[in-house]
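Have the viewer open as you read.

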There are 2 protein chains.
Amino acid sequence: MTTTQLIEQIHQKKSFLCIGLDVDLTKIPPHLIASDDPIFEFNKAIIDATHDLCVSYKPNTAFYEAYGLKGWQSLQKTIQYINENYPEMFTIADAKRGDIGNTSTMYAKAFLEDLDFDSVTVAPYMGKDSVEPFLAFENKHTILLALTSNEGAFDFQTKRSEGKELYRHVIETSKTWKNSQNLMYVVGATKAEYFTEIRKIIPDSFLLVPGVGAQGGSLQEVCKYGINANVGLLINSSRGIIYASNGADFAEKAREEALKMQEEMKEILKTN
Amino acid sequence: MTTTQLIEQIHQKKSFLCIGLDVDLTKIPPHLIASDDPIFEFNKAIIDATHDLCVSYKPNTAFYEAYGLKGWQSLQKTIQYINENYPEMFTIADAKRGDIGNTSTMYAKAFLEDLDFDSVTVAPYMGKDSVEPFLAFENKHTILLALTSNEGAFDFQTKRSEGKELYRHVIETSKTWKNSQNLMYVVGATKAEYFTEIRKIIPDSFLLVPGVGAQGGSLQEVCKYGINANVGLLINSSRGIIYASNGADFAEKAREEALKMQEEMKEILKTN
């Protein structure tokens, strides 16, 4: 998917919501557990109930790998289901991968080619040759961890060298890499005050923003400092939406939560 | 496996060799391709031919994920085969994972519990709460990326703040984390001169050392600066051993290459 197509979707749906499909078998409705593939059945119901309210789905690979072969199969079925039924969706494999060159190429093929996600999240620690292999795929996107939403973000990401924090070095340096037009960045909502500085370096890039809701970040604050002329934001919510209920009404309740966020986004888009 | 058991193995086998099982279907002997699971058949033959010369096997997960469901199955079969037939082996899932707390727990369970590896490699960018979940498993080990063997290592890992490079911050800070006794570190052989500094911070820790051979690092140099009283080194070789031949004699040739390294290691152990 091209960035232009993503922007079109955002304006059409009046939403820049990304729903995180982080499925934990201990948290899903008990009546699903008996089915042949509870994770996929759960995702399918959530997707069918929310697809008109969001522009993106983001399965975190950890939740699938934790169930081994069966989990990997659920991931495969989920992305296939989205690509076949809702091809307008911007899909994100939240995998946080990164390795030396030829190994990163293997990861890139796994997620961007075989599973056919539109994008994959990548960790920057190993530098240029660990990220560029992901950037080589046309109309695919690499979402680089910059400033994450967790407490540990302050352990290393904000260490200052040569007058700026590590996350700023990551963003600035990444702009010089080959095919850097395919980059997006992860910036946590829990650090809204940082968006102003980040927008100075990458005014046009899309930012994937976790941490709204459960982790305490505010949608209004993030938009105040982070929105750009093309919106340029994908706001992720996982637990707050998908676990709104663990009864038979889970999909309906997930829709209600997604709708609340979409309505708030619609208002924000009116004034931007 | 406990660290003491690993040290015993090293002395018994007179080897601190780790063999990287990075299986690329385009590089393995053509006669294997027709088999039902070529990756597993390849690994099995390599393992049977080399198990007395090395103390560790390290499949890099990228090479398995690249083949989707079938690849994941090959990984599962490989680790099962090692655990059943050579339980003395120190097994490493080279996965370079790392995510927010509850998500890292899912990864840790996947590799340390379900697949039952002895250890997993983890990226430090997201800080304490992304690594500690891996450290919570008793007699399991977390191998943290410190200074990697690739060119991109110099993009961020050597940035100096508060008088020291990022990789030193990573090592020093990680020592303060809960269950830090379960930590080992990745330090690339291509940067042998750094081992002296690193040994000042972590004199006793095990270091997993990629980059000897194909990437240009020298075993002698690494040992000169990196070895400690308990050896404290696992030297990885992947391509140099497993792709020594792609004919019918591939396992035999792999053994020859592994033997060369083991003999060199035996000599080094005599004088240390």
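What follows covers symmetry, the barrel, the pockets and the cavities.

## Two copies, one axis

Keep in mind that this is a predicted model. Chain A can be laid on chain B with an RMSD of 0.0 Å, using a turn of 180 degrees and a shift of 0.0 Å along the axis. The two copies are thus related as by a two-fold rotation axis.

Which residue of chain A comes closest to that rotation axis? Look for Ser161(A), whose C-alpha is at 2.3 Å. As for how the copies meet, 100% of the interface residues of chain A are also interface residues in chain B, so the contact is made through the same surface.

## The barrel in chain A

Chain A has a closed barrel of eight strands, and you can trace it in the order E1-E2-E3-E4-E5-E8-E9-E10, with parallel pairing. From one strand to the next, the twist averages 30 degrees. In general, strands of a sheet pair through backbone hydrogen bonds, either parallel or antiparallel.

One pairing to zoom in on is that of E5 (residues 141-147) with E8 (residues 183-187) of chain A: the two run parallel and five bridges join them. Leu147(A), for instance, has Val187(A) in E8(A) as its bridge partner. Elsewhere in chain A, helix H10 (residues 219-226) lies across strands E9 (207-209) and E10 (233-237), and runs at about 165 degrees to E10(A).

The largest pocket has a volume of about 420 Å³. Of the 32 residues lining this pocket, Asp22(A), Gln215(A), Asn236(A), Ser238(A) and Ile100(B) are the closest to its centre. Both chains contribute elements here: E3 (90-97), E10 and helix H11 (239-242) of chain A, together with helix H6 (101-114) of chain B, each supply at least two lining residues. Sorted by class, the lining has twelve nonpolar, twelve polar and eight charged residues.

The second largest pocket holds about 280 Å³ of space. It is lined by 16 residues, and those closest to its centre are Gln181(A), Leu183(A), Asp204(A), Ser205(A) and Phe206(A). Helix H1 (3-13) and E8 of chain A each supply at least two residues of the lining of this second pocket, with E8(A) giving the largest share, three residues. By class, the lining of the second largest pocket divides into eight nonpolar, six polar and two charged residues.

## Cavities

How many cavities of 30 Å³ or more does the structure hold? There are four, and the largest cavity has a volume of about 380 Å³. Its lining is made of 30 residues, and nearest the centre lie Ile100(A), Pro210(B), Gln215(B), Asn236(B) and Ser238(B).

The elements around the largest cavity again come from both chains. Helix H5 (101-114) of chain A, along with strand E3 (90-97), strand E10 (233-237) and helix H12 (239-242) of chain B, each supply at least two residues of its lining. H12(B) gives the most, with three residues. Split by class, the lining of the largest cavity has ten nonpolar, twelve polar and eight charged residues.

Conventions
Residues numbered from 1 in each chain as written. Chains lettered and ligands numbered in written order. Predicted model: local features only at pLDDT ≥ 70, side-chain atom pairs only at ≥ 80, totals over all residues. Heavy atoms only, no water. Least-squares fit on C-alpha atoms with pLDDT ≥ 70 in both. Contact = heavy atoms within 4.5 Å. Pairing = 2+ DSSP bridges. Helix = DSSP H or I, 4+ residues; strand = E, 2+ residues; numbered from the N terminus. Axes fitted to C-alpha atoms, helices over the stretch in contact; angles between N-to-C directions. 1 Å grid on protein atoms, 1.4 Å probe; cavity = no way out; pocket = protein on both sides within 12 Å on 5 of 7 lines; lining within 4 Å. Points joined across faces, edges and corners; volume = space filled by probe spheres on them. Nonpolar A, V, L, I, M, F, W, Y, C, P; charged D, E, K, R; others polar.
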